[in-house]
Amino acid sequence: MAALNEQDPKFMDFMFHGLDHGVASIAESGGPLVPFLMTQTGDKKELKRFVTEKYEDGISAAKKTLIALHVKPDFALIAFDGFITWEEKKYDAIFVKAFDKTQDEGFEFCQRYVPNEDGVGIQPTGNSAFIGKIENVLLVSSNTKKSQDTEKKKPWWKF
């Protein structure tokens with residue numbers, strides 16, 4: 001089990017760098033954030049954005065791209081725009097799903113934000129929040145994922 005307070009400081013820095021980058025990407029123009037995949041191997045970071053017709057397809061494409069990588073990075077994260085209910089109020093938020101290849105689970109965080117009063121850009125509000133533990137997709141091989149996808153796409157008359 002991965003314990004949040006026992007994570008490598010480099011991984012924690014990477015995760016919050018991704019969250020900060022997501023917020024900074026829409027700070028001046030407003031949302032939604034174009035979903036992106038950020039990876040780090042050694043000291044080298046790479047970022048790839050996923051512009052798709054339907055927003056949620058960008059998030060799925062980022063996940064599929066990460067799973068399909070032949071050489072897994074040390075750290076990876078998928079960032080996207082979404083909503084969270086906090087103290088009975090709905091907020092826009094940047095979400096980050098972060099993964100360390102040495103851990104059995106990933107982590108999900110978010111940062112709430114509100115539009116600027118002039119209607120242009122956004123301001124983060126409150127602190128970033130830990131959402132919970134998630135499946136570490138760095139541990140999923142593309143062969144395993146393909147067989148699961150094939151299983152899901154059976155015609156309705158085949159059981």
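**First stop: helix α1**

Select residues 9–26, helix α1: at 1.5 Å a residue, its 18 residues should span 26 Å, and the end C-alpha atoms are 26 Å apart, which agrees. The expected span is 1.5 Å times one less than the number of residues in the helix. Helices (H or I, at least four residues) and strands (E, at least two) are DSSP runs, numbered from the N terminus.

The model is predicted: local features need pLDDT of at least 70 and side-chain atom pairs count only at pLDDT 80 or more, whereas totals for chains, interfaces and linings use all residues. Residues are numbered from 1 along each chain as its sequence is written, and side-chain values use heavy atoms, with hydrogens and water left out.

Next, colour the buried residues of α1: Phe11, Met12, Phe14, Met15, Gly18, Leu19, Gly22, Val23 and Ile26. Buried means under 20% relative accessible area, exposed over 50%, and partly exposed in between (1.4 Å probe, protein chains only). What lies over these residues? The cover of the buried residues of α1 includes β1 (36–41), β2 (44–49), β3 (75–86), β4, β5 and β6; contact here means heavy atoms within 4.5 Å.

Then move to the start of α1, where a side-chain oxygen of aspartate 8 comes to within 2.8 Å of the backbone nitrogen of lysine 10. A polar contact is a pair of N or O atoms within 3.5 Å; within protein, one must be able to donate a hydrogen and the other to accept it, and residues adjacent in sequence count only if both atoms are side-chain atoms.

**Second stop: the segment before α1**

Select alanine 3, which is placed in the segment before α1. With a relative accessibility of 24%, alanine 3 counts as partly exposed. Not counting residues up to four places away in sequence, alanine 3 touches Phe107 and Lys133.

Select residues 105–115, strand β5. This strand is mostly covered, with nine of its eleven residues buried. Which strands pair with β5? Two strands pair if DSSP finds at least two bridges between them.

- Strand β4 (residues 89–100) pairs with β5 in the antiparallel sense over seven bridges. The two form a hairpin with four residues between them, and aspartate 92 stands opposite tyrosine 113 in β5.
- Strand β6 (residues 122–124) pairs with β5 in the antiparallel sense over three bridges. Proline 124 in β6 is the bridge partner of tyrosine 113. In the hairpin of β5 and β6, with six residues between the strands, glycine 119 takes a positive phi near 85 degrees.
- Strand β7 (residues 129–135) pairs with β5 in the antiparallel sense over six bridges. Here glycine 132 in β7 is the bridge partner of glutamate 108.

When inspecting any strand, recall that in a regular strand the side chains alternate between the two faces of the sheet.

Select glutamine 40, found in strand β1. Is its side chain buried or exposed? Glutamine 40 counts as buried, at 8% relative accessibility. A polar atom of its side chain lies 2.9 Å from the backbone oxygen of glycine 42. Leaving aside neighbours within four places in sequence, glutamine 40 is in contact with Phe14, Lys45, Pro73, Asp74 and Phe75.

Side chains of opposite charge can pair when their charged atoms come close. A salt bridge is a side-chain nitrogen of Lys or Arg within 4 Å of a carboxyl oxygen of Asp or Glu, and by this rule the count comes to four.

Select aspartate 74 and lysine 101, whose closest N and O atoms are 3.3 Å apart in a salt bridge. Aspartate 74 lies in the loop between α2 (55–68) and β3, and lysine 101 in the loop between β4 and β5, so the pair ties together parts that are 27 residues apart in sequence. Aspartate 74 is partly exposed, at 22%, and lysine 101 is also partly exposed, at 38%.

Finally, select glutamate 46 and lysine 44, a salt bridge with its closest N and O atoms 3.2 Å apart. Glutamate 46 is partly exposed, with a relative accessible area of 44%, whereas lysine 44 is exposed, with 54%.
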